[in-house]
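This report describes one protein chain, from its overall make-up down to individual residues. The sequence and the structure come first.

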Amino acid sequence: MTVVEWGRGKTDGLSEDRLEIEIHRETGAAADEDPEDLLVDSPRTLVLSATGEHSQAILEALEQ
């Protein structure tokens with residue numbers, strides 16, 4: 001198992017079967033926002049997606 005932060009577009013060649021996790025936040029998410037927003041504790045939303053059978057099984061187990 002490998003975990004890569006900021007891996008979009010960089011990890012696709014590691015495995016065709018992977019669990020991708022996107023973290024969305026209301027503030028501090030974009031580079032053009034106020035840098036002080038990065039220090040604000042705000043709710044995060046996780047979006048998980050599976051790209052193969054093994055990662056789909058993991059995703060289904062997490063959803064239970």
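## Model and confidence

This is a predicted model, in which local features need pLDDT of at least 70 and side-chain atom pairs count only at pLDDT 80 or more, while totals for chains, interfaces and linings use all residues. Residues are numbered from 1 along each chain as its sequence is written, and side-chain values use heavy atoms, with hydrogens and water left out.

The mean pLDDT (the predictor's confidence in each residue, from 0 to 100) is 80 for the chain, and 78% of the residues score at least 70. Where pLDDT is low, the predicted coordinates should not be read in detail.

## Fold and surface

The chain contains 1 helix and 2 strands, in the order β-β-α from the N terminus. Both kinds of element are DSSP runs numbered from the N terminus: helices are H or I runs of at least four residues, and strands are E runs of at least two. Strand β1 covers 19–25 and helix α1 covers 53–63, while strand β2 spans residues 44–50.

Of the 64 residues, 11% count as buried. Buried means under 20% relative accessible area, exposed means over 50%, and partly exposed lies in between (1.4 Å probe, protein chains only). The chain exposes about 5600 Å², of which carbon and sulfur atoms supply 53%. Accessible areas come from the Shrake-Rupley method with a 1.4 Å probe, and for residues only the protein chains shown count as cover. Contact means heavy atoms within 4.5 Å; among contacts between residues at least 6 apart in sequence, 45% join residues at least 24 apart.

## Arg-18 and its polar contacts

Arg-18 sits in the segment before β1. Beyond four places in sequence, Arg-18 touches Asp-12, Ser-49, Ala-50, Thr-51 and Ser-55. The C-alpha atoms of Arg-18 and Val-3, 15 residues apart in sequence, are 10.0 Å apart in space.

The side chain of Arg-18 makes a polar contact with the side chain of Glu-20 at 2.8 Å and reaches the backbone oxygen of Ser-15 at 2.7 Å. A polar contact is a pair of N or O atoms within 3.5 Å; within protein, one must be able to donate a hydrogen and the other to accept it, and residues adjacent in sequence count only if both atoms are side-chain atoms. Arg-18 and Glu-20 also form a salt bridge, with the closest N and O atoms 2.8 Å apart. A salt bridge is a side-chain nitrogen of Lys or Arg within 4 Å of a carboxyl oxygen of Asp or Glu, and a search of the whole structure finds 1. Glu-20 counts as partly exposed because its relative accessibility is 31%. Asp-12, also in the segment before β1, is partly exposed at 42%; apart from neighbours within four places in sequence, Asp-12 is in contact with Arg-18 and Glu-20.

## Ser-55 in the helix

Ser-55 belongs to helix α1 and counts as buried because its relative accessibility is 2%. A polar atom of the Ser-55 side chain lies 3.2 Å from the backbone oxygen of Arg-18, and one lies 3.1 Å from the backbone nitrogen of Gly-52. With neighbours within four places set aside, Ser-55 is in contact with Asp-17, Arg-18, Leu-19 and Ala-50.

## Nonpolar patch

Ile-21, Ile-23, Leu-46, Leu-48, Ile-58 and Leu-62 make a nonpolar surface patch of about 550 Å². The elements β1, β2 and α1 each give two or more residues to this patch. Patches consist of residues with over 30% relative accessible area and no salt bridge; like charges are joined within 9 Å, and nonpolar side chains (Val, Leu, Ile, Met, Phe, Trp, Tyr) within 5 Å.

Leu-48, in β2, is partly exposed at 30%. Leaving aside neighbours within four places, Leu-48 is in contact with Leu-19, Glu-20, Ile-21, Leu-59 and Leu-62. The C-alpha atoms of Leu-48 and Ile-23 are separated by 8.9 Å. Ile-23, in strand β1, counts as exposed at 59%. Leu-46 lies in β2 and is exposed at 52%; outside four places in sequence, Leu-46 is in contact with Ile-21, Glu-22 and Ile-23. The C-alpha atoms of Leu-46 and His-24, 22 residues apart along the chain, are 6.4 Å apart.
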